[in-house]
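Q: Could we go through this model feature by feature? I would like the general idea behind each reading, then the case at hand.

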Amino acid sequence: IPINEPWILTVAMMREGDKLRSYRKLYKALHTILDRKWRLLVVGSGSAESKVKNIFEPMSDRVTWLGLQVSEKLPNIYASCDLYCWPAICEAYGIAFLEAQASGLPVVACREGGVPSVVDNTNTGILVDPNDINTFIDSIVTLLENVDLREKMRKNAINYVLKKHDLLNASQSMNKLLCEAIE
């Protein structure tokens with residue numbers, strides 16, 4: 001595995017619908033930047049796995065498929081990469097975004113669904129309009145080529161998850177919601 005090139009990571013199930021549309025959008029974005037140095041590491045599996053692999057076949061020399069991984073292995077996988085990228089079409093929450101940031105990965109994703117609630121735009125990653133593929137591509141390139149910005153976002157991402165999305169904050173938020181629901 002080449003270590004002198006930036007590694008983009010995506011962790012997502014491979015199924016029909018929004019997940020498959022997200023894989024297609026990711027391919028479309030990465031296909032336009034084949035002139036740049038990068039590699040893609042994909043973690044996931046599912047009923048549409050053969051379709052996903054077929055989508056990425058034209059760039060198969062740049063993609064490494066890890067399949068489904070046990071949760072204990074994920075922190076090391078995240079930490080071994082440089083950037084987490086997932087279009088997140090109609091993503092409800094996206095726990096993978098929190099896992100990526102907790103491991104110090106800046107994020108590039110679309111600004112929709114629950115993603116803005118777990119990614120601090122411009123501080124821990126870049127969120128773009130879901131209909132703006134050009135800005136999505138530009139954001140990937142920006143983070144691939146700007147090591148200093150990636151490092152700044154890496155530090156911000158770790159702190160953000162520790163401060164905003166740790167177990168104590170999650171339980172306090174849940175408690176507040178439950179108390180409001182009872183009243």
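Q: Which residues are in contact with R39, leaving aside its neighbours within four places in sequence?
A: A contact list is read by setting aside the sequence neighbours and looking at what remains. In this predicted model, R39 touches P2, E5, P6, W7, I8, D61 and R62 once neighbours within four places are left out. R39 itself is found in strand 2.

Q: Is R39 buried or exposed?
A: The cut-off for buried is under 20% relative accessible area. R39 has a relative accessibility of 19%, so R39 counts as buried.

Q: In what sense do strand 1 and strand 2 pair, and over how many bridges?
A: Strands of a sheet pair through backbone hydrogen bonds, either parallel or antiparallel. Here strand 1 (residues 7-11) and strand 2 (residues 39-43) are paired in the parallel sense, with 5 bridges. Within strand 2, V42 is the residue opposite T10.

Q: How does strand 6 pair with strand 5, and where do the residues of strand 6 point?
A: Strand 5 and strand 6 run parallel and are joined by 4 bridges. L127 in strand 6 is the bridge partner of A109. G125 and L127 point to one side of strand 6, I126 and V128 to the other, and all are buried.

Q: How far is Y93 from L127 in sequence and in space?
A: Sequence separation and spatial separation are read as two values. Y93 and L127 are 34 residues apart in sequence, and their C-alpha atoms are 14 Å apart in space. Y93 lies in the loop between strand 4 and helix 4. With a relative accessible area of 39%, Y93 is partly exposed.

Q: At what angle do helix 4 and helix 6 pack, and which residues make the contact?
A: For a helix pair, one reads the angle, the axis distance and the contact residues. Helix 4 (residues 95-102) and helix 6 (residues 147-164) pack at about 120°, their axes 7 Å apart. The two helices are therefore oblique to each other. Helix 4 contributes L98, Q101 and A102, and helix 6 contributes A157, I158, Y160 and V161. By class, this contact has 6 nonpolar residues, 1 polar and no charged.

Q: At what angle do helix 5 and helix 6 pack?
A: Their angle is about 95°, with axes 5 Å apart. Helix 5 and helix 6 are therefore roughly perpendicular to each other. T142, L143, L144 and E145 of helix 5 meet V147, L149, R150 and M153 of helix 6. The residues of this contact comprise 5 nonpolar, 1 polar and 2 charged.

Q: Which residues touch the most other members of the largest nonpolar core?
A: In soluble globular proteins, nonpolar side chains tend to be buried together. The largest nonpolar core here holds 57 residues, and L9, F56, Y84, F97 and I140 touch the most other members. Helix 5 (residues 133-145) gives the most to this core, with 7 residues.

Q: What does I140 touch, not counting residues up to four places away in sequence?
A: I140 touches I8, A29, L30, I33, L83, C85 and V108.

Conventions:
Residues numbered from 1 in each chain as written. Predicted model: local features only at pLDDT ≥ 70, side-chain atom pairs only at ≥ 80, totals over all residues. Heavy atoms only, no water. Axes fitted to C-alpha atoms, helices over the stretch in contact; angles between N-to-C directions. Parallel < 35°, antiparallel > 145°, perpendicular 65-115°, else oblique. Contact = heavy atoms within 4.5 Å. Nonpolar A, V, L, I, M, F, W, Y, C, P; charged D, E, K, R; others polar. Core = buried A, V, L, I, M, F, W, Y, C linked by side-chain atoms within 4.5 Å. Buried < 20%, exposed > 50% of the residue type's maximum accessible area, 1.4 Å probe, protein only. Pairing = 2+ DSSP bridges.
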